[in-house]
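Visitor: I am new to this structure and would like to learn how to read its features one at a time. Could you show me the general idea each time, and then the case at hand?

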Amino acid sequence: MLRAKPSRITVLTLTLALTCLSLVGPPRLEADDFRFYEPGARAAALGGAFTALADDASALFYNPAGLAFLGEFRLKTNIAFGKRQMTADWPAAGRRYRSEPSEFMGSVSASWQPVKRVTLATGLFFPYNFEAFWSPGWAGEPVCQRNELTSLYFRSALSVEIVKGLALSAGVDVVSSNLRWRHVIPFDVETFPLTLDHEVESVHRLHGSGLGFVAGVMWKVLPALQVGARYQRGLTLDYSGTNDFVRNPLAPDERVPDPSLGTRTVGSLSDLFYAKQNVTGELTFPDELVIGVALT
């Protein structure tokens, strides 16, 4: 049997082409507050190149097609702890505010190859997350005091090596997401001049769920060259929940005239204006297409 080997000229030409492509790419990576890229420390260090490698169980997140080349049973977990820092400036007052909430996240993925070239996998990931928590008294309280977005993806995928060196995969995501938003509403009644400042805290709590789709492909072109891609379909979630209004029980109160009671506290008066209500919302997670090239 005769086997054709790639010539040195061909490999050299391909190497130079890939190098040129890397030079004309974007000069830097922009930070993305709404994305969590840490299902695997090694994968995070390699960036998009891991989409072409995907050689451990975290391939379920980065490129499920790579699972077809993994044998037996694989398990991988990851835990990350950190703080998301943001600052807000108020130039006119010469003040700066800081949001620095602590974050604790993790992920787990497992894969099993019951027969050669066919792999099943499942896992949990938190791909979209964000939180801001500003100290009480900051100037933006009427807009936002605290907000939070969390998402949980439970992914199951099948990966098959259809021909030698070429694998395809498809999977389903069961998505659960929560939204939280707090802000302060100054309470002021035009017909009653108040001597004290009164506020009501508005608290939104919403939940949404849905189904998503993911697909991947990996091609081992040469022993030293691999190409991979992952497509994750965008998902629109419908949220529903409640909007509660909370008064500070320790805040000083004052009394105002009342037609039937004679006088009434401002706190009880605000309860007539702000009652618990049902709310709905909608949020769309984007389509994603990630392509990686790994040249060893």
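Predicted model: local features only at pLDDT ≥ 70, side-chain atom pairs only at ≥ 80, totals over all residues.

Visitor: How are the rings of Phe50 and Tyr62 placed relative to one another?

Guide: For two rings one looks at the distance between the centres and the angle between the planes, and planes over 60 degrees apart count as edge-to-face. The ring centres of Phe50 and Tyr62 lie 5.2 Å apart and their planes meet at 80°, so this pair is edge-to-face. Phe50 belongs to helix H3 (residues 50–53) and Tyr62 to helix H4 (residues 59–62), so that the pair, 12 residues apart, links distant parts of the chain.

Visitor: What is the arrangement of the rings of Tyr97 and Trp138?

Guide: Here the centres are 5.6 Å apart and the planes stand at 70°, so Tyr97 and Trp138 are edge-to-face. Tyr97 lies in strand S3 (residues 95–99), whereas Trp138 lies in the loop between strand S6 (130–133) and S7, 41 residues apart, and this pair too links distant parts of the chain. Both Tyr97 and Trp138 are buried.

Visitor: How many aromatic pairs are there by this rule, and which residues form one aromatic cluster?

Guide: The count comes to 10 aromatic pairs, and one cluster is formed by Phe50, Phe61, Tyr62 and Phe125.

Visitor: Which charged residues lie over the rings of Phe133 and Phe61?

Guide: For such a case one asks how far the charged group is from the ring centre and whether it sits over the face of the ring. Arg146 has its charged end over the ring of Phe133, 4.2 Å from the centre, while Arg230 lies over the face of Phe61, 5.6 Å from the ring centre.

Visitor: Turning to the surface, is Leu211 buried or exposed?

Guide: Exposed means a relative accessible area over 50%, and Leu211, at 61% relative accessibility, therefore counts as exposed. Leu211 is found in strand S9 (residues 198–222), and together with Leu124, Leu152, Phe154, Val172 and Val174 it forms a nonpolar surface patch with about 490 Å² of accessible area. Strand S7 (146–163) and strand S8 (166–187) are the elements that give two or more residues to this patch.

Visitor: What does the protein look like as a whole, in terms of helices, strands and buried residues?

Guide: The protein has 5 helices and 15 strands, and 38% of its 296 residues are buried.

Note on methods:
Residues numbered from 1 in each chain as written. Heavy atoms only, no water. Helix = DSSP H or I, 4+ residues; strand = E, 2+ residues; numbered from the N terminus. Buried < 20%, exposed > 50% of the residue type's maximum accessible area, 1.4 Å probe, protein only. Patch = residues over 30% accessible without salt bridge, like charges linked within 9 Å, V, L, I, M, F, W, Y side chains within 5 Å. Areas by Shrake-Rupley, 256 points an atom, 1.4 Å probe, with all protein chains shown as cover. Salt bridge = Lys/Arg side-chain N within 4 Å of Asp/Glu carboxyl O. Phe/Tyr/Trp six-rings, centres within 6.5 Å; stacked < 30°, edge-to-face > 60°. Lys NZ or Arg CZ within 6 Å of the ring centre and 35° of its normal.
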